[in-house]
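Here are some notes to read alongside the model. Keep the sequence and the 3D view open while you go through them.

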Amino acid sequence: METLLDILSHPFSWGLLLGLGMVIFVWRSGAKDRKFLKTELKRVEEENSELQGHLNTQLKINAKGNELLQNQLDELKEQNETLRVNLSAVQQKPGKAELRRLEVTETAISVMREQAPGFAPAWEKALRESEDDYVAAEGGLKKLMRKVVPSFRSTPDTGGKKVEEIEG
């Protein structure tokens with residue numbers, strides 16, 4: 001036992017024991033840290049896989065939404081093209097050009113009534129005469145003539161004489 005006390009009383013032994021104590025303390029602390037890091041790594045990996053699942057779900061939802069929007073856009077483009085073709089076809093129907101020309105003429109006449117001081121009375125007189133001729137053409141001899149001779153048209157006065165008087 002004396003040798004043991006001799007060894008323990010030596011400063012080298014104290015340093016060795018102190019060093020071994022520190023090694024054991026550091027080793028246990030490292031073991032605890034490794035255990036904590038393993039659990040933390042496992043938690044982070046689980047969280048990462050969960051986030052990846054959420055990301056995949058979000059990307060699928062976005063892809064479906066984008067696909068739906070793209071399909072709607074394609075349908076609207078197709079409808080737009082169809083409407084453009086239909087509008088073009090309607091505008092090419094017989095009588096549409098005449099109706100358009102009539103509307104343009106009506107607008108021009110109303111502008112001329114406002115702007116040209118002498119135009120309105122002359123125009124109103126010509127308009128009344130044309131209406132009277134049209135009413136006369138709808139009934140009586142002119143209507144019969146139009147049915148019998150399709151090329152028969154009454155034209156306005158060109159020198160005081162009507163076409164009917166010239167032909168008749």
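1. First, a term: a salt bridge here is a side-chain nitrogen of Lys or Arg within 4 Å of a carboxyl oxygen of Asp or Glu. With that in hand, look at Glu-81 and Arg-84, whose side chains meet in a salt bridge at 2.3 Å, N to O.

2. Some ground rules. This is a predicted model, so local features need pLDDT of at least 70 and side-chain atom pairs count only at pLDDT 80 or more, while totals for chains, interfaces and linings use all residues. Residues are numbered from 1 along each chain as its sequence is written, and side-chain values use heavy atoms, with hydrogens and water left out.

3. Now the confidence. pLDDT is the predictor's confidence in each residue, from 0 to 100. The protein averages 79, and 79% of the residues score at least 70. Confidence is highest in helix α2, at 92, and lowest in helix α6 (residues 163–167), at a mean of 42. Over residues 154–168 the pLDDT is below 50. Beyond near neighbours in sequence, that stretch has 10 contacts in the model, a contact being heavy atoms within 4.5 Å.

4. On exposure, buried means under 20% relative accessible area, exposed means over 50%, and partly exposed is in between (1.4 Å probe, protein chains only). Of the 168 residues, 4% count as buried. The protein exposes about 15300 Å², and carbon and sulfur atoms supply 62% of that. Accessible areas come from the Shrake-Rupley method with a 1.4 Å probe; for residues, only the protein chains shown count as cover.

5. How many salt bridges does a search of the whole structure find? Three. Back to the pair from the opening point: Glu-81 and Arg-84 are three residues apart in helix α2, which means they are separated by about one helical turn. Glu-81 counts as partly exposed because its relative accessibility is 38%.

6. Then look at Arg-43. Its side chain meets that of Glu-40 in a salt bridge at 2.3 Å, N to O, and that of Glu-47 in a salt bridge at 3.0 Å, N to O. Glu-40 and Arg-43 lie three residues apart in helix α2 (residues 11–91), about one turn of the helix. Glu-47 and Arg-43 are four residues apart in that helix, so about one helical turn separates them.

7. Last, a nonpolar patch on the surface. It is formed by Leu-4, Leu-5, Leu-8, Phe-12, Leu-16, Leu-17 and Leu-20, with about 690 Å² of accessible area together. Patches are made of residues with over 30% relative accessible area and no salt bridge; like charges are joined within 9 Å, nonpolar side chains (Val, Leu, Ile, Met, Phe, Trp, Tyr) within 5 Å. Helices α1 (2–9) and α2 each supply at least two residues of the patch, and the largest share, four residues, comes from α2. Leu-20 sits in helix α2 and is partly exposed, with a relative accessible area of 44%.
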